[in-house]
Amino acid sequence: MSVLERSPEANFDDPQGEVSRFREAVRKFAREEIAPRALELDQQAHDHFAWDLVQEGHQLGLTRAMLPPHHGGLGLGVVGVCLAMEELAAACPGVALIFGATMLGQAPVLLSGDSRLQSRFLPLFSGDEAVLACNAVCEEEAGTDLVIPQSTRHARNVSTIHREGAEYVLNGHKRVITNAAVATFASVFVTLEGTSPESGLTCVMVPLDTSGITRGPVADMARSSVAAVSTGIARHALETAVEFCGQRVQGGAPLRAHQMTARKLAEMTSKVDAARLLYLHSANKVDNELPAPEYEPAVAKLFADRIAIEVAGDAVSLMGSRGFIREFGLEKVLRDSYGARIYEGTPEALALAITDCLYREDSDDDDDL
Amino acid sequence: MPVYDTTEQAEQVFGELFRILAEDENFTTRLRESGLTVRLLHKKPDCNIFVSPDDVLIGDEIPESAAITIKMSCDTAHALWMGTLMMPTAVATGKVRIRGKVAKVIELIPILQPAFDRYPEIAASATYRRERAESSMGGPK
């Protein structure tokens with residue numbers, strides 16, 4: 001077993017070995033079923049959706065990994081989800097995002113603590129057929145303004161909800177929502193009519209077969225879990241480069257024996273390991289703290305997004321023309337590395353969140369309770 | 001003005017609440033099945049409670065650790081149990097801080113329902129007793 005195959009169990013609590021077993025099963029699925037089709041999926045028609053892979057992932061538990069056992073889930077927590085995301089993203093980040101977006105859609109239902117909502121929506125994920133969800137925040141005019149607390153007062157034309165008799169009426173237009181075209185329900189973030197976004201958004205669970213909803217086509221685009229996705233993208237680039245540099249002979253020796261190449265490979269693997277440690281640390285905090293921490297997930301994502309681009313770029317450089325030709329797969333990895341930097345917080349949005357934490361008083365102060 | 005002025009008042013009400021909960025077989029069975037123990041660290045005034053499937057402990061001698069630790073002010077606890085403050089709102093605004101597996105917290109919240117049902121009556125009864133005692137002594141102390 002090479003160092004790249006090692007399991008990171010030492011970095012989290014997994015007494016029953018459930019998380020490690022799940023990670024191994026997802027790794028096998030990613031390598032045997034997803035990776036061989038990643039390039040084909042990338043080049044297929046814009047509105048193609050790989051339901052067969054989703055169904056296989058569903059059977060593995062990827063649509064209910066985060067849900068508690070009493071709702072038919074695997075109860076693996078954010079650490080388990082992140083490790084699975086890394087494995088999926090190392091094969092194809094687009095497929096990882098299908099499952100990641102579903103978990104994001106489930107999270108508000110779980111965290112609501114409302115047993116009626118949970119009983120209505122969570123059992124959908126333990127049936128025979130795969131069901132997906134989505135999380136709808138982004139809007140045409142209000143994008144990052146909705147996720148940076150200092151900017152929410154500037155958010156314009158945000159979707160609204162108001163009550164009419166026994167019903168609620170929701171008006172608005174969300175955009176670039178991963179899974180929106182294929183999800184059964186959406187967790188939609190809106191403002192309560194008569195209030196400003198600054199006072200906090202309201203989350204509404206919306207069955208997507210409700211009358212009045214129009215969905216756009218499948219989009220090409222789908223924080224701890226996205227950091228794991230970026231780590232997976234970087235790992236894919238690293239593994240591809242390691243294999244190539246071990247076989248390719250130049251100047252009478254494999255590329256890996258040349259100092260310049262060795263230095264690059266060593267830096268790349270250090271970056272992937274560091275990104276993984278940061279996202280595991282962050283996921284472990286998210287699994288054990290409420291309110292969820294802001295600092296650690298933002299730091300993990302900022303770092304992982306940056307190194308994914310660097311590692312993918314280095315891999316392209318090491319492989320020369322093979323790194324650039326689409327059929328070898330690295331061109332897609334480089335493109336994916338830029339995509340992961342955008343969703344769930346751009347570096348600029350993350351920097352504001354991180355810096356805000358640096359200047360904020362200790363939130364553990366009992367006087368604030 | 002705080003709902004409870006002294007640790008004794010808070011311990012009396014929250015202690016009674018959890019003793020009643022501990023007599024609920026469904027509650028203790030679910031705690032045991034889920035391996036749950038809970039430390040409730042109330043502030044302003046201080047009031048510490050430890051709940052396990054076998055026991056409810058109150059005061060400074062409670063264990064140092066539990067599967068879940070919940071920290072909040074007595075006023076926040078009062079608003080939560082009265083149903084005037086929603087738990088997700090309390091958590092999102094930092095009025096309640098929880099340490100422990102979030103998955104366990106999600107299991108805990110539904111089994112606390114009897115506490116929501118009983119608290120208004122317990123709190124009202126304690127307030128009545130306190131006001132009677134104060135009036136018999138010539139006003140609030």
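**Cavities, sheet and interface**

The largest cavity holds about 110 Å³ of space. The model described here is predicted. Its two chains meet through 20 residues of chain A in contact with 20 residues of chain B, and one sheet takes strands from both chains, in the order β8(A)-β5(B)-β4(B)-β1(B)-β2(B)-β3(B).

**The largest cavity**

- The lining of the largest cavity has 14 residues, of which Phe18(B), Leu40(B), Ile70(B), Trp81(B) and Leu112(B) are the closest to its centre.
- Two or more lining residues come from each of β1, β4, α3 (74-82) and α5 (102-111) of chain B.
- By type, the lining residues of the largest cavity are 14 nonpolar, no polar and no charged.

**The second largest cavity**

- The volume of the second largest cavity is about 40 Å³.
- Its lining is made up of Val3(A), Leu4(A), Arg6(A), Arg235(A), Val272(A), Asp273(A) and Arg276(A).
- Helix α8 (residues 259-288) of chain A gives the largest share of this lining, three residues.
- Here the lining residues divide into three nonpolar, no polar and four charged.

**The sheet**

- Six strands make up the sheet, which is open and has mixed pairing.
- The edges are held by β8 (289-290) of chain A and β3 (56-58) of chain B; each has a single partner strand, so one side of each has no neighbour in the sheet.
- Within chain B, strand β4 (residues 68-73) and strand β5 (residues 96-100) run antiparallel and are joined by five bridges.
- Met72(B) has Val96(B), in β5(B), as its bridge partner.
- As a general point, strands of a sheet pair through backbone hydrogen bonds, in either a parallel or an antiparallel manner.
- Helix α1 (residues 7-22) of chain B lies across β1 (38-43), β2 (47-51) and β3 of chain B. The helix runs at about 10° to β2(B).

**The interface between the chains**

- Between chain A and chain B, an area of about 1,900 Å² is buried, and carbon and sulfur atoms give 55% of this area.
- Of the area that chain A buries against chain B, 36% is supplied by Asn288(A), Leu290(A) and Leu369(A), more than by any other three residues.
- In general, the size of an interface is often given as the accessible area lost when the parts come together.

Technical notes:
Residues numbered from 1 in each chain as written. Chains lettered and ligands numbered in written order. Predicted model: local features only at pLDDT ≥ 70, side-chain atom pairs only at ≥ 80, totals over all residues. Heavy atoms only, no water. Pairing = 2+ DSSP bridges. Helix = DSSP H or I, 4+ residues; strand = E, 2+ residues; numbered from the N terminus. Contact = heavy atoms within 4.5 Å. Axes fitted to C-alpha atoms, helices over the stretch in contact; angles between N-to-C directions. 1 Å grid on protein atoms, 1.4 Å probe; cavity = no way out; pocket = protein on both sides within 12 Å on 5 of 7 lines; lining within 4 Å. Points joined across faces, edges and corners; volume = space filled by probe spheres on them. Nonpolar A, V, L, I, M, F, W, Y, C, P; charged D, E, K, R; others polar. Buried area = accessible area lost by both parts, 1.4 Å probe.
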